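Subject: Structure handover and notes

Hello,

Here is the structure you asked about, with my notes below it. Please read them with the coordinates open.

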Amino acid sequence: MAADYHVHGLGHDGPAHTVERLWPYVEVARARGLTEIGFAEHEWYLEGLDFSVFPRLEEKTKLKVRAGLEVDFRPGRDFKELEGKPWDYLIGSVHEVHGWAFDKPGEEEGFGNWDIDELYRLYFGLAAQAAATGIFQVIGHLDLIKLYGHRPRRPAVELAEPALQLMARLGIVLEVNTSGLYRPVREIYPSRDILERAFQLNIPVIITSDAHVPEEVGRARETARQILYQIGYRQLATFHKGHMGTEPL
Ligand SMILES: [Zn+2]
Ligand SMILES: [Zn+2]
C-alpha cells in the first residue's frame with residue numbers, strides 16, 4: 001500500500017476533469033508502485049471537478065482513486081461551496097500572508113519587506129487557524145514559507161509548536177510534501193525537526209508529491225519514507241470518504 005494524495009491532475013491549466021486527462025497520472029502512479037492516488041486540485045478549479053471520473057479510473061486500473069481538494073486558507077473566509085460533495089479528504093494550505101501570495105512566481109523579493117521570524121510566526125499562526133476550522137483532514141506543506149531558503153533566527157520548530165499542538169489535539173494529519181526538494185530551499189516540507197516534534201506528539205503523516213504533471217507523481221517518495229522511518233514513524237494515514245485509516249510506512 002502506498003498513496004499519493006496531493007496530485008494536481010489539472011496542473012495550473014484549468015478545468016475540467018476527464019478520464020483521458022487524468023489517466024497519465026494514474027499510469028505513473030502504477031509504474032512507481034503506488035496503490036492509491038488522490039487528486040487534490042487547487043480549489044480555483046472546483047467547478048471543473050467531475051466526481052464520476054474517479055470510479056471510471058478505478059475500473060481501468062487496480063489503483064484506488066480518491067477525491068480531495070487543496071483549499072486556500074484565509075482568515076474569515078467560509079467554506080460553503082465545499083459542502084455536499086463526496087470528498088475523501090480536504091487539504092488546508094496557507095499560500096498567503098496578509099494578502100501576499102508569497103509562493104507565486106515573481107514574489108520572492110517580497111520577503112525583503114519582512115522580519116523573517118515574524119513572517120514564520122504569522123505563517124504558522126495561519127496554519128493553526130486552518131487546523132482550528134475543523135474542515136481539513138490534512139494541513140498541507142506546513143513550512144512552505146521556507147521555499148526560497150529564508151530562515152528565522154529562532155528554530156522554526158519552536159514557531160510551529162502552537163500549530164503542531166493544535167493538530168495533535170484535533171487529530172489532523174501532517175503532510176510530508178516532497179515538492180520542496182525541487183524549490184530553491186531543496187528540502188521536504190516540513191523540515192526534519194518539525195517532523196521529529198510531530199512524531200513526539202503522535203501526529204499522523206502522509207507522503208505526497210504535489211505533482212502538477214504526471215511525471216511528478218510519487219517523486220522522491222523514498223527519501224521522505226526514509227526520513228520518517230528514521231524518526232520512528234511506522235504508519236501513514238489513508239483516507240476514504242472523510243475517514244482516516246492507516247497503512248504501513
Ligand atoms: Zn499548495
Ligand atoms: Zn498543491
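Which residue lies over the face of Tyr229? Arg234 does, at 3.4 Å from the ring centre. Please keep in mind that this is a predicted model.

Zinc site

The zinc ion (ligand 1) has three protein donors: Glu70 through OE, and His95 and His141, each through NE2. They lie 2.1 to 2.2 Å from the ion. Along the sequence, these donor residues follow the spacing E-x24-H-x45-H. Glu70 also bridges the zinc ion (ligand 1) and the zinc ion (ligand 2), and the two ions are 3.5 Å apart. Glu70 belongs to strand β3 (residues 64-72), while His95 is in the loop between β4 (91-93) and α3, so the pair ties together parts that are 25 residues apart in sequence. Both residues count as buried: Glu70 has a relative accessible area of 2%, and His95 has one of 12%.

The side chains of His8 and Glu70 make a polar contact at 3.1 Å. His8 is in the loop between β1 and α1 (19-31) and is buried, at 0% relative accessibility. Setting aside neighbours within four places in sequence, the contacts of His8 are Tyr25, Ala40, Glu41, His42, Glu70, Asp210, Ala211 and His212.

Helix α3

Helix α3 covers residues 116-132, which is 17 residues. From first C-alpha to last it reaches 24 Å, close to the 24 Å expected at 1.5 Å a residue. Of its 17 residues, 12 are buried, so the helix is largely enclosed by the rest of the structure. Among the buried ones are Ile116, Asp117, Leu119, Leu122, Leu126 and several alanines, including Ala127 and Ala128. The buried residues of α3 pack against β5 (138-139), α4 (156-170) and α5 (192-200).

Both ends of the helix have something to look at. Just after α3, Gly134 takes a positive phi of about 75°.

Aromatic pairs

Searching the whole structure gives 18 aromatic pairs. In one of them, the ring centres of Tyr5 and Tyr89 are 5.0 Å apart and the planes are at 65°; planes over 60 degrees apart count as edge-to-face, so this pair is edge-to-face. Tyr5 is in strand β1 (residues 3-7) and Tyr89 in the loop between β3 and β4, so the pair ties together parts that are 84 residues apart in sequence. Tyr5 and Tyr89 are both buried.

Phe111 and Tyr148 also form an edge-to-face pair, because their planes are at 80°, with the ring centres 5.7 Å apart. Phe111 comes from the loop between β4 and α3, and Tyr148 from the loop between β5 and α4, so this pair ties together parts that are 37 residues apart in sequence. Both of these residues, Phe111 and Tyr148, are buried. They are also members of one aromatic cluster, formed by Trp100, Phe102, Phe111, Trp114, Tyr120, Tyr123, Phe124 and Tyr148. Tyr120, Tyr123 and Phe124 are among the buried residues of α3.

Regards

Definitions and conventions
Residues numbered from 1 in each chain as written. Chains lettered and ligands numbered in written order. Predicted model: local features only at pLDDT ≥ 70, side-chain atom pairs only at ≥ 80, totals over all residues. Heavy atoms only, no water. Helix = DSSP H or I, 4+ residues; strand = E, 2+ residues; numbered from the N terminus. Expected span 1.5 Å × (residues − 1). Buried < 20%, exposed > 50% of the residue type's maximum accessible area, 1.4 Å probe, protein only. Contact = heavy atoms within 4.5 Å. Donors = N, O, S within 2.8 Å, 3.2 Å for Na, K, Ca; no water. Phe/Tyr/Trp six-rings, centres within 6.5 Å; stacked < 30°, edge-to-face > 60°. Lys NZ or Arg CZ within 6 Å of the ring centre and 35° of its normal. Polar contact = N/O pair within 3.5 Å; in protein donor to acceptor, adjacent residues only side chain to side chain.
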